[in-house]
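Subject: Structure handover and notes

Hello,

Here is the structure for your files.

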Number of protein chains: 4
Amino acid sequence: MPGFAPKNPDYRAVATATFDSQQAMRTLGISIERLAPGEIELAMPYRADLTQQNGFIHAGIITAALDSACGIAAFTLMPADSDILTVEFKTNLLAPAKGQRFAFRASVVKPGRTLTVCEAQAFAWHDDAETLIATMTGTLIALTRREPAKPQPEPRAAG
Amino acid sequence: MPGFAPKNPDYRAVATATFDSQQAMRTLGISIERLAPGEIELAMPYRADLTQQNGFIHAGIITAALDSACGIAAFTLMPADSDILTVEFKTNLLAPAKGQRFAFRASVVKPGRTLTVCEAQAFAWHDDAETLIATMTGTLIALTRREPAKPQPEPRAAG
Amino acid sequence: MPGFAPKNPDYRAVATATFDSQQAMRTLGISIERLAPGEIELAMPYRADLTQQNGFIHAGIITAALDSACGIAAFTLMPADSDILTVEFKTNLLAPAKGQRFAFRASVVKPGRTLTVCEAQAFAWHDDAETLIATMTGTLIALTRREPAKPQPEPRAAG
Amino acid sequence: MPGFAPKNPDYRAVATATFDSQQAMRTLGISIERLAPGEIELAMPYRADLTQQNGFIHAGIITAALDSACGIAAFTLMPADSDILTVEFKTNLLAPAKGQRFAFRASVVKPGRTLTVCEAQAFAWHDDAETLIATMTGTLIALTRREPAKPQPEPRAAG
């Protein structure tokens, strides 16, 4: 899905700032590895405190990373002063989330003024081998930001 | 979907132990509120460190709770010495995850020897009002546990 | 999900007309059995020419009925002069679509100005027993109708 | 997802026979355009009797084609004497199904002994332009065929 042209020339700064303001990503140890218009890759190291009963990373944590990846990939193509929310997503778990680190790659399949559809894949790195462990298809909605992204000028006293 | 009969008389102990061994649930502050054959309710307080860019709980965290709820609900109906993995799920986000605490209710729609389908709902409690914020439909697969859940007694010498 | 108040007093006529203008429904032999604000039931007899390789109704045909059910259920709650399109849906097939006739019940889970989320169930009737065979969760989008639903009266000559 | 090796040397004949025995495909005018291990392309001409209220092909019909495409793609990788059923799928409708003809391409993402996950895309051809109109992710389950696909040869008398 190549060659999306961002509407917001500051897309990189805005998308990065949005990701950085997702405290959940910091708590889960997830960071941006690569960012381009309509595309992103996130990275996460293994952490025992994020596992399910077999010692694999919990499917919900994998999904949290895939969801943020889809959201930020979609966000890079939205106009300035947009906000973004997830409408829905579907995750297929293909293999146990077993590895030293994980990569999450999302790309926009269909950008839209209101709705954007993204696809994402999660990969586990175990020693030097990469395994596809999960896929996501997600729908995101663009909202007009109710509060401005930047501080407003002081209201002037009337008269 | 009333009246499922558990195949494992110890379903409550085994399901609780499985939930307790999901370190991700402890990390996210999620606990079992209520458990019955084919049904569960989980609870989670609001935590600022699990939010997305607007201060709502991250959709992935909501999904992690819904996924564990589906998994444990399905697990209560499986035979002893089963293990369970999530095959896939789909989450619709209906309203912002905004509240002091959250409840996650899952129930089995169709139990099966191999595959079990569950539905779950997430609710936000804000002051004393409950709002439906998300739904999940999930498919779980039963596996035969490769290693015993508890240490086995030493085999006795015959005679 | 009781007690939705339709915004369009003519909801019944408009929803029925929309369903009737879906030629695919006529081709597949699907009809409205019951309609209420935010709710619908469709009916379909078994037809050998709509089966898959085992003689069960094809999952895609079941899905077509569930999708129309969700769409019309959502449509009953939309303002006059709306049009509706499906954004996405997910179907779980729980049991073979084997029976003399089939019922499809959809209800709105979350109505919205732009997006509406519905859930639906498909049932097979075999002799006098009803079996749940499939579920759908779907997202629908309301559009403002670009062309009027009915032919406009000829403009009269002024004077 | 290249280079799947079919377990059944007769995969082409068996997959084609399975598709041909789906009467729904014949009724909807859908045919196989191309078949390879783990991959398929189906074709369908526009038909007014398969449309929704705006004259586009009904989302359920698009889904029926995508589902059969996923099923047959998965089936090419299964052992002889398997049968296949759809567990679940999710469809995103990206653009109106408007065109003279439609193509449906499915490929296996993760083959498995029990479960296989496929992805598929639907394209509309309008004049000479191809538009991506829908995507599907689907999960299929392999079953052991209860009755043999072909009459078995008579067992020979030993000696």
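A residue is called buried here at under 20% relative accessible area, exposed at over 50%, and partly exposed in between, with a 1.4 Å probe and protein chains only. Helices (H or I, at least four residues) and strands (E, at least two) are DSSP runs, numbered from the N terminus. The model is predicted, so local features need pLDDT of at least 70 and side-chain atom pairs count only at pLDDT 80 or more, while totals for chains, interfaces and linings use all residues. Residues are numbered from 1 along each chain as its sequence is written, chains are lettered from A and ligands numbered from 1 in the order in which they are written, and side-chain values use heavy atoms, with hydrogens and water left out.

Fold of chain A

Chain A contains three helices and six strands, and from the N terminus on they follow the order α-α-β-β-α-β-β-β-β. Of its 159 residues, 53% are buried. Contact means heavy atoms within 4.5 Å. Among the contacts in chain A between residues at least 6 apart in sequence, 63% join residues at least 24 apart.

Helix α3 of chain B

Helix α3 of chain B covers residues 59-75. All of it is buried, 17 of the 17 residues, so the helix is largely enclosed by the rest of the structure. The expected span of a helix is 1.5 Å times one less than its number of residues. For the 17 residues of α3(B) that gives 24 Å, and the end C-alpha atoms are 24 Å apart, which agrees.

Chains A and B

Copies are superposed by least squares on the C-alpha atoms of residues with pLDDT of at least 70 in both.

The contact involves 34 residues of chain B and 34 residues of chain A. Buried area is the accessible area (1.4 Å probe) that two parts lose on being put together, summed over both. For chains B and A it is about 2800 Å², with 53% on carbon and sulfur atoms. Gln53(B), His58(B) and Phe89(B) supply 20% of the area that chain B buries against chain A, more than any other three residues.

Chains C and D

Chain C is laid on chain D with an RMSD of 0.0 Å, again by a turn of 180° and a shift of 0.0 Å along the axis. Here Lys90(C) has the C-alpha of chain C nearest the axis, 2.0 Å from it. The same surface serves both copies, with 100% of the contact residues of chain C recurring in chain D.

In this pair, 34 residues of chain C are in contact with 34 residues of chain D. The two chains bury about 2700 Å² between them, 53% of it on carbon and sulfur atoms. Gln53(C), His58(C) and Phe89(C) supply 21% of the area that chain C buries against chain D, more than any other three residues.

Thr91(D) belongs to strand β3 (residues 82-93) of chain D. At 0% relative accessibility it counts as buried. Leaving out residues up to four places away in sequence, Thr91(D) touches residues of both chains, among them Phe89(C), Val87(C), Leu66(D) and Met136(D).

Arg105 and Phe123

A charge sits over a ring if NZ of Lys or CZ of Arg is within 6 Å of the ring centre and within 35 degrees of the ring normal. Arg105(A) lies over the face of Phe123(A), 4.2 Å from the ring centre, and Arg105(D) lies over the face of Phe123(D), also at 4.2 Å. Arg105(A) is in strand β4 (residues 101-110) of chain A and, at 23% relative accessibility, counts as partly exposed. Apart from residues up to four places away in sequence, its contacts include Ile40(A), Glu41(A) and Glu130(A).

Most residues other than glycine have a negative phi. Asp81(B) has a positive phi of about 65°. Asp81(B) is in the loop between α3 and β3 of chain B and is exposed, at 53% relative accessibility. Asp81(D) has a phi near 65° and is partly exposed, at 44%.

Regards
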